[in-house]
2 protein chains.
Amino acid sequence: VRANGFGEMVCSAASVMEALEDRWGALIMRDLILGLTRYEDLRKSSSVTNATLTARLRSLEANGLIERRQYQSRPDRYEYHPTAKGRDIRLVLQAMMQVGDRWNGGAENAPLSAIDRRTGHRVALALVDLETGNRVEGGDIAIVAGPGADEIGRWRLDAGVTSRLK
Amino acid sequence: VRANGFGEMVCSAASVMEALEDRWGALIMRDLILGLTRYEDLRKSSSVTNATLTARLRSLEANGLIERRQYQSRPDRYEYHPTAKGRDIRLVLQAMMQVGDRWNGGAENAPLSAIDRRTGHRVALALVDLETGNRVEGGDIAIVAGPGADEIGRWRLDAGVTSRLK
């Protein structure tokens, strides 16, 4: 397990936040995953400044989430594409969309919908039981230490349980 | 639909990133959702500076994700608890955990596991068909305009489709 920049603790959620860097990084990944590839389109879509867009494209590339492909020379111009690692971010963006939709008036106000192309049905993330494959309904979910838990991670879980019992 | 600070565009994912503010906000929400409540525990868990922790607790409270409860007077001391809105962030953190686990060596290295307390089985987020309730296997998912789409949102989707067809 790779330790990350957050005080060297091991946390998978933190490693995703670190790779995205900030909300602008997340928005740029959203646009690239939606299929935008060119600098000017990314700029129009996200309304970020040139300085921020240039910096985030560099750090997303350094973090392995996107790759640059030259499509023109003299002057050199590049397109940006999510890597396989970058496409993993779809799960996080889908979760953010669902939560944001809930906060902003529900599905009937949703700016985007995810659909299964084969059926045209709307799809959404839900918790499933990894042994049975069945959807977990009204579940009582516990977060427990996994095989890669480190000392601070175990302390955090214990402290959380202790607080809840107070 | 509430417009958010990102160039006034309507984007549900962006409204979540805005509410969390940055990676530190996300980490603090992770800790509060795990049950930590007190300033010193939050500080130990996340290794953030006092200045950052104080600022993020204020903004998470201003954004309606957490509430402060006094538990002692003279000197006044407070505990921090996620609100119902704040607990919605669990979905986003679960998605980040799954992606981070994938990047960092898979379930056998995972620092945390989510389990169903009733069965003890591990659970994870997966896409389900909202009409049938069935899990979508090997799906071909399209992101399309929803009922709340605005002009820039429609442009973004069209531009993404056009780029992909090039």
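This is a predicted model: local features need pLDDT of at least 70, side-chain atom pairs count only at pLDDT 80 or more; totals for chains, interfaces and linings use all residues.
Residues are numbered from 1 along each chain as its sequence is written, chains are lettered from A in the order in which they are written, and side-chain values use heavy atoms, with hydrogens and water left out.

In the model, 104 residues of chain B are in contact with 104 residues of chain A (contact: heavy atoms within 4.5 Å). The area buried between the two chains (the accessible area, with a 1.4 Å probe, lost on putting them together, summed over both) is about 9200 Å², to which carbon and sulfur atoms contribute 64%.

Between chain B and chain A there are 6 salt bridges (a side-chain nitrogen of Lys or Arg within 4 Å of a carboxyl oxygen of Asp or Glu), and a salt bridge also joins the side chains of R156(B) and D31(A), at 3.3 Å from N to O. Among the elements of chain B that each supply at least two residues of the side touching chain A are helix 1 (12–20), helix 6 (90–103) and helix 7 (151–165) (helices being DSSP runs of H or I with at least four residues, and strands runs of E with at least two, numbered from the N terminus); the largest share, 13 residues, comes from helix 6 of chain B.

Strand 4 (residues 123–129) of chain A pairs with strand 4 of chain B in the antiparallel sense over 7 bridges (pairing requires at least two DSSP bridges between two strands), and L127(A) has L125(B) as its bridge partner in strand 4 of chain B.
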